[in-house]
Amino acid sequence: MTSGKKIRIQLILDQSQKEFLDWTAEDEGISVSALIRRIVDQYQRAVVNSQLAKAAEDLYPEYLSNDELTAFRSVDGEDIFETR
């Protein structure tokens, strides 16, 4: 997800967090900045995926009952909600 212009930020970490970042970055052969960007990207993907899953879960009853949406229940002839 990392793209575009990068901006500088400052943050305060405790000693063990800094040591962990230093050790992990060295182990992976990347800079601490690159490691932090990777961690933020992974967390961002996890949050977005969680939000999408929640939205799908919230809409599940609507897909079961709304006649205009039931056409989308079938994928290759199989009911995608059959396992629920």
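Analyst: Happy to! Let's start with a pair of charged residues: lysine 54 forms a salt bridge with aspartate 58, and their closest N and O atoms are 2.9 Å apart. A salt bridge here is a side-chain nitrogen of Lys or Arg within 4 Å of a carboxyl oxygen of Asp or Glu. Lysine 54 and aspartate 58 are 4 residues apart in helix H2, which means about one helical turn separates them. Helices (H or I, at least four residues) and strands (E, at least two) are DSSP runs, numbered from the N terminus. In general, an α-helix has 3.6 residues a turn, so residues three or four places apart point the same way.

How open are the two partners? Lysine 54 counts as exposed because its relative accessibility is 52%, while aspartate 58 is partly exposed, with a relative accessible area of 48%. The cut-offs are these: buried is under 20% relative accessible area, exposed is over 50%, and partly exposed lies in between (1.4 Å probe, protein chains only).

Before going on, a word about the model. It is predicted, so local features need pLDDT of at least 70 and side-chain atom pairs count only at pLDDT 80 or more, while totals for chains, interfaces and linings use all residues. Residues are numbered from 1 along each chain as its sequence is written, and side-chain values use heavy atoms, with hydrogens and water left out.

Helix H2 (32-65) also takes part in a link to helix H1. Arginine 38 forms a salt bridge with glutamate 28, with the closest N and O atoms 2.1 Å apart. Arginine 38 belongs to H2 and glutamate 28 to H1, so this pair ties together parts that are 10 residues apart in sequence. Both ends are partly exposed: arginine 38 has a relative accessible area of 35%, and glutamate 28 has 39%.

The buried residues of H1 are Leu21, Thr24 and Ala25. They sit on the same side of H1, because they cover an arc of only 100 degrees around the axis, the arc being that of the directions from the helix axis to the C-beta atoms. H2 is part of what covers these buried residues, where contact means heavy atoms within 4.5 Å. On the face of H1 turned away from its buried side are the exposed residues Gln15, Trp23, Glu26 and Asp27.
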